[in-house]
Amino acid sequence: MAIEMVYIMNNTSIIQDEVLAHRLGLIPVQANPTLFDYKNSEESPTDLNTIVFKLKIKCENNLDASPDEQDPQKKYKNSNVYSGDLIWEPKGDQIERFKDDPIKPVLDDILIAKLRPGQELDIEMHCTKGIGREHAKWSPVATASYRLLPEIILKKEITGDLADKFAACFAEGVVEVVTEDGVKKAKVVNPRKDTVSREVLRHSEFQDIVKLTRVRDHFIFNIESTGAILPQELFLQAIQVLIEKAKYVKVALANVTASDT
């Protein structure tokens, strides 16, 4: 869910209407999208496909401020407009449906605009459901990446003082030095923490002892959410999309094979 339609009744700030609308659209909204329907351009807004926010704020002089005050946030009232100033206006039965998890911006401290005495904003915003392919504001993912699991293979045991030197070549927690039968030994305990610096290969005494590689079928995903949807839920939803695409390709390939025969 993201702000799609912005109705500006009054904007006397220095920010142009179109820039202000763009900034509002990028504010992450905390609302479960599975509880809303997609809205096409021909449909009217309803409580099942639209969320309404309102923003009505005016900057004024702070009469309680010191005459020589220079800090705008102390000198004026409402000098900064934040996402927390957006007020959700429930429609239909939304107030009952979302009583346990009220709809709001994910963060309250996203700066929207700066105002000075006499300037004000009077805006109504409509949030609708969409996907990131159409616009980035509908993408609940901030950053996403993956890497293969590092694999550290020891061709023979590393003991004594070399064990400590070997462990120091890796990030903390990758290699531990343990004592067995009175002998210090290096053991790979958590290759997942390896930063793949290859520092160990700079030392000639380890070049023929250790092999650095990757596990080719073990992927580590890193997903950073905007806050609208939890990262673990995003991963499951992405896998489901991938499954549906695979089904589509499978059917297409079967049709091609059938036509060739």
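Here is a short chat about reading pockets and cysteines in this predicted model.

Me: Let's start with empty space. How do I find where it is left?

Reply: Rolling a probe the size of a water molecule over the atoms shows where empty space is left. In this structure, the largest pocket holds about 960 Å³ of space. It has 35 lining residues, and Trp-138, Pro-140, Val-141, Leu-234 and Gln-237 are the closest to its centre.

Me: Which elements give two or more residues to that lining?

Reply: Those are strand 11 (141-154), strand 14 (210-225) and helix 5 (231-260). Helix 5 gives the most, with eight residues.

Me: What about the second largest pocket: how much space lies in it?

Reply: About 220 Å³. Its lining includes Glu-4, Met-5, Tyr-38, Lys-39 and also Trp-138. Here the residues split into four nonpolar, four polar and four charged.

Me: Now the cysteines. What is a disulfide?

Reply: A disulfide is a covalent bond between the sulfur atoms of two cysteines. This structure has zero disulfides.

Me: Are Cys-59 and Cys-169 buried or exposed?

Reply: Buried means under 20% relative accessible area. Cys-59 has 1%, so it counts as buried. Cys-169 has 8%, so Cys-169 is buried too.

Conventions
Residues numbered from 1 in each chain as written. Predicted model: local features only at pLDDT ≥ 70, side-chain atom pairs only at ≥ 80, totals over all residues. Heavy atoms only, no water. Disulfide = S-S within 2.5 Å. Buried < 20%, exposed > 50% of the residue type's maximum accessible area, 1.4 Å probe, protein only. 1 Å grid on protein atoms, 1.4 Å probe; cavity = no way out; pocket = protein on both sides within 12 Å on 5 of 7 lines; lining within 4 Å. Points joined across faces, edges and corners; volume = space filled by probe spheres on them. Helix = DSSP H or I, 4+ residues; strand = E, 2+ residues; numbered from the N terminus. Nonpolar A, V, L, I, M, F, W, Y, C, P; charged D, E, K, R; others polar.
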